[in-house]
Amino acid sequence: MDNKEIIQQIANACDDKRAEDIVALDMQDVSLMTDYFLICHGSNERQVQAIARSIKDTMEEKDIIIQRLEGYEQARWILVDLGDIVCHVFHKEERSYYNLERLWGDASKVELSVGNNG
């Protein structure tokens, strides 16, 4: 499975938990830290945790190793690090504050097929 297929699987896992505004950014030309970001948000802490757990469970089912999972307890900004792909699961308020899409505005969007991606 290549990275774009993995991103789509992650997006589907997020969508299953009703994550909002699911966006994937191709970071290969703008950052040395990772190839892709997947960004989404939930409206409360429980939903943010459910989205992150769904990503983790889906990736483990596919034998893809989660290198790091940070911020789960606070559930304001959970980082799920898969190496080539880093997922940012935000609480809605945190997402608008940090605005990663604007910060990494030079990155191109990756086309996703989920029900509610903007």
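Predicted model: local features only at pLDDT ≥ 70, side-chain atom pairs only at ≥ 80, totals over all residues.
User: What makes the mean positions of the positive and negative charges of the protein 6 Å apart, that is, which atoms are used?

Analyst: There are 13 positive and 23 negative charges; Lys and Arg count as positive and Asp and Glu as negative, with His and the chain ends not counted. Residues are numbered from 1 along each chain as its sequence is written, and side-chain values use heavy atoms, leaving out hydrogens and water.

User: Why are phenylalanine 37 and tryptophan 104 called an edge-to-face pair?

Analyst: Happy to show you! Rings of Phe, Tyr and Trp (its six-membered ring) pair if their centres lie within 6.5 Å; planes under 30 degrees apart are stacked, over 60 edge-to-face and the rest tilted. Here the centres are 6.0 Å apart and the planes 90° apart, so the pair is edge-to-face. Phenylalanine 37 lies in strand 2 and tryptophan 104 in the loop between helix 4 and strand 6, so the pair ties together parts 67 residues apart in sequence. Helices (H or I, at least four residues) and strands (E, at least two) are DSSP runs, numbered from the N terminus.

User: Why is phenylalanine 37 called buried?

Analyst: Its relative accessible area is 4%, and buried means under 20% (exposed over 50%, partly exposed in between; 1.4 Å probe, protein chains only). Phenylalanine 37 is therefore buried. Buried residues make up 47% of the 118 residues.

Technical notes. Charge placed at Lys NZ, Arg CZ, Asp CG, Glu CD.
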